[in-house]
Amino acid sequence: MIEKFYEKYSTEEQDVIVLIQKVLGASPFEDQWDMLAMTLGMVFCGDGKVDVKKGRLNWLVSSEERNTKKGWNRFKSGQICHIKVRKLLDTYAPKNLTPEEFNDWCVVEVLKPEVPCPQLEEVWADYVKPIVIEDEVLGTLMLNKEFDMFECNFLWNETDISLMLEIDPDDQSSWEQTFGSARSIMTELEKWDRTMRMFAAKELTNLANDWMTDDEDAVPITEEVFAERITLSELAFSFEDSFTAYYEDDDMFWGHAVEICGTLTQGMESANIVG
């Protein structure tokens, strides 16, 4: 089983100094767990090469180890450590990325959990610097570097709304596309809000009534009532013109959120309950 995991990687072991961005997650692998940490840069001890770009570290743990120092707690954000790694074989890289872009390694051994490295310390110092954009329509946006999103809150109809704009941190020229999509909706938010609430009502009113079947005193919900009861709480925009809006359900679905997805060009596409 362990052999099956490591057969995806080169047999050559390399000593590197690595800067950890975050431990991202764990996915099932046979009866064990494939842990994943994201990195911001590596220094190769063999030739001193400095490679400043995002990468991935994988390592295998048992279910018992997943929540210990061998699993989730093996690395932490900002940690610079000396480890032994093996590179993912090119044939296992996703088809939409080159092996260099995917930049995936498996951890063979942690040699020193904390080491000094001026080059990577400079990378981390730059990474934690706040990036703030003042936009006339969207307000003050701060980049959440962990999730590659600009975020802000704004008050609308006496409600605090969260706004999130997904961006590609490596392609600043693409940011304006996401900002433009957000501005298009924000400048006509009243119209978009009404459209989204009506769409959700058509899609989910019957389901809302189904959720009340155990309440003998419940009054049937109409589409008009449904649309009036849900309230906007969050707006998220992707790289292109797609968006997702989240609405509070006024307990029609016992506290779940109503999620509405669409695009600027096609309008509303789906409405579901989430959370």
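The dialogue below takes up salt bridges, a helix face, backbone angles and a charged patch.

Me: What kind of model is this, and how are its residues numbered?

Reply: This is a predicted model, in which local features need pLDDT of at least 70 and side-chain atom pairs count only at pLDDT 80 or more, while totals for chains, interfaces and linings use all residues. Residues are numbered from 1 along each chain as its sequence is written, and side-chain values use heavy atoms, with hydrogens and water left out.

Me: How many salt bridges does the structure hold?

Reply: Side chains of opposite charge can pair when their charged atoms come close. The structure holds 13 salt bridges (a side-chain nitrogen of Lys or Arg within 4 Å of a carboxyl oxygen of Asp or Glu). One of them joins Asp-135 to Arg-183, with the closest N and O atoms 2.8 Å apart. This pair links distant parts of the chain, strand β7 (residues 132-135) and helix α4 (residues 175-186), 48 residues apart. Helices (H or I, at least four residues) and strands (E, at least two) are DSSP runs, numbered from the N terminus.

Me: Are Asp-135 and Arg-183 buried or exposed?

Reply: Both are buried (under 20% relative accessible area; exposed is over 50%, and partly exposed lies in between, with a 1.4 Å probe and protein chains only). Asp-135 and Arg-183 also belong to a network of salt bridges with Glu-176. Another bridge pairs Asp-250 with Arg-229, again with 2.8 Å between the closest N and O atoms. Asp-250 is partly exposed, at a relative accessible area of 40%, and Arg-229 is partly exposed at 28%.

Me: Which residues of helix α3 are buried?

Reply: In α3 (residues 118-127) they are Leu-120, Val-123 and Tyr-127. Seen down the axis of α3, these residues fall within an arc of 50 degrees, so they line one face of the helix; the arc is that of the directions from the helix axis to the C-beta atoms. The face turned away from the buried side carries the exposed residues Pro-118 and Glu-122.

Me: What is the phi of Glu-30?

Reply: Most residues other than glycine have a negative phi. Glu-30, although not a glycine, has a positive phi of about 55 degrees, and its place is in the loop between β1 (14-29) and β2 (32-44). Asp-148 likewise has a positive phi of about 55 degrees, in the loop between β8 (139-144) and β9 (149-156).

Me: Where is Asp-217 found, and is it buried or exposed?

Reply: Asp-217 is in the loop between α5 (189-210) and α6 (223-229), and counts as exposed at 71% relative accessibility.
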